[in-house]
Amino acid sequence: MKNVVVIGGGPAGIMAAGAAARRGASVTLLEKNDRLGRKLYITGKGRCNITNASDPETLIQNVATNARFMYPSFYAFGSDDVIRFFKDLGLVTKVERGGRVFPASDKSSDVVDALGAFLKKARVNTRLGCKARGVLIKNGKVIGVKTASGETVGADAAVVSTGGMSYPLTGSDGDGYRFAKESGHTISPPRPSLTPIIVKERFDLEGLSLRNVEITAKILKKIVYKSMGEMVFTARGVSGPLILTLSRVIIGKYGLNPEINIDLKPALTERELDARVLRDFTDRANRDFGNGLDGLLPRKIIPAVIDVCDIPPGKKIRDITKEERAGLVRALKGFKLTAVGSGGFDEAIVTKGGVNVSEVKPATMESRLVGGLYFAGETLDVDGFTGGYNLQIAFSTGWAAGDSAGGD
Ligand SMILES: Cc1cc2nc3c(=O)[nH]c(=O)nc-3n(C[C@H](O)[C@H](O)[C@H](O)COP(=O)(O)OP(=O)(O)OC[C@H]3O[C@@H](n4cnc5c(N)ncnc54)[C@H](O)[C@@H]3O)c2cc1C
């Protein structure tokens, strides 16, 4: 019987361990935390966006780095397979806006529980509180894994699924990169990706979430990103799906900080919006301007919009001129922010960089350099956009690695 050791009990490692055991291998899963999937609990704001209900081609389009590498594993174990996999474990899922798939209960803990049941059913020997220190290699082949307590766990194959470096408090702090380097692999420098953006402007808008807004980011007047969706203001700037994706597009690619334009009313042209404002103003003619925008905007953002549109808040609405109204429309269609930085690993949803995929076989995740050594999940130099794509990457690569490591 083949002995397989999987290092790291996140989604990729759990999937790899279970898949290897299903092939008849004796599998040991080492997780340094005292529970599995610590990061999973906080995914999707505690709801866990497990995948995106898309065909493999769409999944590939949403992989930001090394998308081509993902072809075989997405085709072998795509989002349909993930949804069916969880259904077989008793987890009912639902599809939300943009194809995002969540547990019907909205509880990420149900996803972790289902994965725990998968390991139990597959008879994986799960060892919690057990940190791996290195992979033991002899004559170009894996022979075991050394733990931090000095124990050697013998193995014919080892799967390194220790995650990236983002949210290091959850356990993923870069050990897998070290294991990869020690075994002769190259690492693309790890960088925080999908991070909040820090802006120059100071508004009291923390916690304000805006839906259906359009963001355009420009550098030296050139549009580098334009998309519609949801965003949220933070203490130092902005975050939410639109901004996280923007961060992935701009960080490390452009040296200059972009100007971010938020169209608060993207469904209306300037003319249509002016007509709408005029209607609102007619209904509120005797109010002060400062009290007249409640039909148009969430209350919290009104002072900030007033600030930028040059109409005194005490001015009576009936006295507002056509030009002033045009200024308000411009402010609503172009609420401007200036990016001055981005969050670090502590705030990054995912890590860009990792084990060089040219040294890994895409169908099996086995190293091209060391026999029986596999990589899965965020440890690899593959990262996706928001929308469930990163967990899909973890599940697909984990499945491919385990299926191969546990096979004959
Ligand atoms: C706040 C947040 C929200 C997110 N939301 C989503 C979402 O909704 N949908 C989505 O698709 N993606 C989401 N992601 C990204 C997603 O969680 C990760 O891409 C995914 O967890 C990566 O899986 P992994 O198994 O490769 O690594 P991880 O989940 O990081 O797991 C790695 C595991 O390895 C263990 N480990 C590390 N070193 C060792 C060692 N030496 N010995 C033993 N064990 C070790 C760690 O403790 C950890 O448990 C989110 C990320 C964050 C931070």
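1. Buried residues make up 47% of the 408 residues in the protein; a residue is buried if 20 or more other C-beta atoms lie within 10 Å of its own, exposed if 12 or fewer, and partly exposed in between, with C-beta atoms placed from the backbone. This is a predicted model, in which local features need pLDDT of at least 70, side-chain atom pairs count only at pLDDT 80 or more, and totals for chains, interfaces and linings use all residues. Residues are numbered from 1 along each chain as its sequence is written.

2. Overall make-up. The protein has 12 helices and 21 strands; helices (H or I, at least four residues) and strands (E, at least two) are DSSP runs, numbered from the N terminus. Along the principal axes, the C-alpha atoms fill a box of roughly 85 × 45 × 35 Å. Of the contacts between residues at least 6 apart in sequence, 73% join residues at least 24 apart. Two residues are in contact if their C-beta atoms, placed from the backbone, lie within 7 Å.

3. Domains. Domain 1 covers 3-191 + 352-405, and domain 2 covers 196-343; these bounds come from an automatic or database domain assignment. The C-alpha centres of the two domains lie 40 Å apart. At the boundary, 4 residues of domain 1 are in contact with 6 residues of domain 2. The domain 1 side of this boundary has 2 nonpolar, 1 polar and 1 charged residues. In this classification Ala, Val, Leu, Ile, Met, Phe, Trp, Tyr, Cys and Pro count as nonpolar, Asp, Glu, Lys and Arg as charged, and the others, Gly among them, as polar.

4. Ligand shell. There are 37 residues around the ligand, and Gly8, Gly10, Gly163, Gly171 and Gly377 come nearest; a residue is near a molecule or strand if its C-beta atom, placed from the backbone, lies within 6 Å of it. Two or more residues of the shell are given by each of helix H1 (11-22), strand E2 (26-31), helix H2 (38-42) and helix H12 (389-405). The largest share, 4 residues, comes from H12. By class, the shell divides into 13 nonpolar, 17 polar and 7 charged residues.

5. Helix H1. This helix has 12 residues and reaches 17 Å from its first C-alpha to its last, close to the 16 Å expected at 1.5 Å a residue; the expected span is 1.5 Å times one less than the number of residues. Of the 12 residues of H1, 11 are buried, so the helix is largely enclosed by the rest of the structure. Among the buried ones are Pro11, Ile14, Met15 and Gly18. Their cover includes strand E1 (3-7), E2, H2, helix H6 (108-121), strand E11 (157-160) and H12. After H1 comes Gly24, with a positive phi near 100 degrees.

6. Gly402. This residue is in helix H12 and is buried, with 35 other C-beta atoms within 10 Å. Apart from neighbours within four places in sequence, Gly402 is in contact with Met15, Ala16, Ala17, Gly18, Ala19, Ala20 and Val159. By contrast, the C-alpha atoms of Gly402 and Pro190 are separated by 25 Å, the two residues being 212 residues apart along the chain.

7. Helix H7. In H7 (residues 175-182), the buried residues are Asp175, Gly176, Tyr177, Phe179 and Ala180. These pack against strand E8 (132-138), E11, strand E12 (187-193), strand E19 (350-355) and strand E20 (373-375).

8. The E3-E6-E5 sheet. Here 3 strands form an open sheet in the order E3-E6-E5, with antiparallel pairing; two strands pair if DSSP finds at least two bridges between them. E3 and E5 stand at the edges, each with a single partner strand, so one side of each is left without a neighbour in the sheet. Strand E3 (residues 51-52) is joined to E6 by 2 bridges, and Asn52 stands opposite Arg100 in E6. Strand E5 (residues 93-96) is joined to E6 by 4 bridges, and Thr93 has Pro103 of E6 as its bridge partner. E5 and E6 form a hairpin with 3 residues between them, and Gly98 in the turn has a positive phi of about 75 degrees.

9. Faces of E6. In a regular strand the side chains alternate between the two faces of the sheet. Strand E6 (residues 100-103) is covered on both faces: Arg100 and Phe102 on one side and Val101 and Pro103 on the other are all buried.
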